[in-house]
Amino acid sequence: MTQQQETGCVLRLFGAQSTAVGKTVENFPPQWRAAAQWKSRGAETLVALQAQSPSGLKKAAQALRQAFSADLYGAGETTLPAAVVEALERHDKLLICADAAAGALLEARLENLPGAEKVFDFGAVSYANPKTGPLIEKRARLPKDCTDPLRQALARAQAARRVVGADLSAACAERESDCVLVLSCRKGCFLRTVPAGENPALWLLDIIRRTAANKPQAEGTGFLPARRAAKKDVLPSPQPKRHPLRRVCMTLLVLALLAALAVVGAWEYTNGNFYALPEQLRALLTEHVPRPGATLV
């Protein structure tokens, strides 16, 4: 009895557009004899592939992998949290949370996964640590009157990453109708606004997975370079107001000082006789300018 060859598989995507999946499936060449059905739940899309031969199945799966290389996080029963742990472990990245809001999104989804404790601290050395937590708040350097949750999240994410020495630091800015997810890395911060009806935990996991694997982010996820992100989270100290004539006055003062020095120099050069200054300058120039036909040595 010959073993039946596999002619079907399931691919899991996150952040891919359902219409784009449909166009890719429509472009399958007829000789592959492959078909697909897909179903989206929020930002997650499951694609069930069927083919009449293993070679056709392999080609169809490869076409989807190439078209959605950044969106594809697994196959079969792979979950997005498991894909995140695998990406962090493969690329040797340490993930922490900068605040309790981000911890609530991630910890419950990662706590039972094998190897998660190697790449995620579960708050033990970051925001939940009795020593590190206050230090993160101090390093964030936010003024007491700052109430913008996004600026607070940006500041904490960057401060936590530096304090702990982690590769990635997650934070969450909770607002009335949505929340803003923040992931700080060495180059800057990724940000994504998620409406209240969507699942922010899955979006945060996907941002982490893509960042750890150095893959492009999903459409709608923004990025702030490190310098711009720093300007977002640290308020400059109040600067004293300068009078508009201050610069003009400073310029006039410098010119007056230079003029005074010139007068003192002229007084010393002419022994106090300013009327002799033009004649002495003319004699000085005549003495040092070579005459026609002279040879410079």
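The axes of α4 and α8 come within 9 Å of each other and cross at roughly 80°. That makes α4 roughly perpendicular to α8, a term for angles of 65 to 115 degrees. This is a predicted model, in which local features need pLDDT of at least 70 and side-chain atom pairs count only at pLDDT 80 or more, while totals for chains, interfaces and linings use all residues. Residues are numbered from 1 along each chain as its sequence is written, and side-chain values use heavy atoms, with hydrogens and water left out.

**Helix packing**

- Two packed helices are described by the angle between their axes and the distance between the axes.
- Axes are lines fitted to C-alpha atoms, for helices over the stretch in contact, and angles run from 0 to 180 degrees between N-to-C directions.
- From α4, Leu105, Leu106, Arg109 and Leu110 meet Pro200, Ala201, Leu202, Leu204, Leu205 and Ile208 of α8; contact means heavy atoms within 4.5 Å.
- The residues of this contact divide into 9 nonpolar, no polar and 1 charged, where Ala, Val, Leu, Ile, Met, Phe, Trp, Tyr, Cys and Pro count as nonpolar, Asp, Glu, Lys and Arg as charged, and the others, Gly among them, as polar.
- Helices (H or I, at least four residues) and strands (E, at least two) are DSSP runs, numbered from the N terminus.

**Nonpolar cores**

- The largest nonpolar core has 38 residues, and Leu106 and Ile208 have the most contacts inside it.
- A nonpolar core is a set of buried Ala, Val, Leu, Ile, Met, Phe, Trp, Tyr and Cys residues joined through side-chain atoms within 4.5 Å; buried means under 20% relative accessible area, exposed over 50%, and partly exposed in between (1.4 Å probe, protein chains only).
- Elements that each supply at least two residues of this core include α3 (80-90), α4 (100-110), β7 (178-185), β8 (188-195) and α8 (200-212).
- The largest share, 8 residues, comes from α8.
- Leaving aside residues up to four places away in sequence, Ile208 touches Val84, Leu88, Leu95, Leu106, Leu168 and Leu183.
- A second, separate core of 18 residues includes Ile96, Ala157, Ala160 and Ala166.

**Alanine 83**

- Alanine 83 lies in helix α3 and is buried, with a relative accessible area of 6%.
- Alanine 83 and leucine 205 are 122 residues apart in sequence, yet 9.0 Å apart in space, C-alpha to C-alpha.
- Not counting residues up to four places away in sequence, alanine 83 touches Tyr73, Thr78 and Arg209.

**The four-stranded sheet**

- An open sheet is formed by 4 strands in the order β2-β3-β1-β4, with antiparallel pairing; two strands pair if DSSP finds at least two bridges between them.
- β2 (34-41) and β4 (72-75) each have a single partner strand, so one side of each is left without a neighbour in the sheet.
- The twist averages 20° from one strand to the next.
- Strand β1 (residues 8-14) and β4 are joined by 3 bridges, and leucine 13 has leucine 72 in β4 as its bridge partner.
- Helix α1 (residues 18-26) packs on the sheet, touching β1, β2 and β3 (44-51), and its direction makes about 175° with that of β2.

**Strand β8 and its partners**

- β8 is mostly covered, with 6 of its 8 residues buried.
- A hairpin joins β7 to β8 through 2 residues, and 8 bridges join these antiparallel strands.
- β8 also pairs with strand β9 (residues 222-225) in the antiparallel sense over 4 bridges.

How values were computed
Angles under 35 degrees count as roughly parallel, over 145 as roughly antiparallel, 65 to 115 as roughly perpendicular and the rest as oblique.
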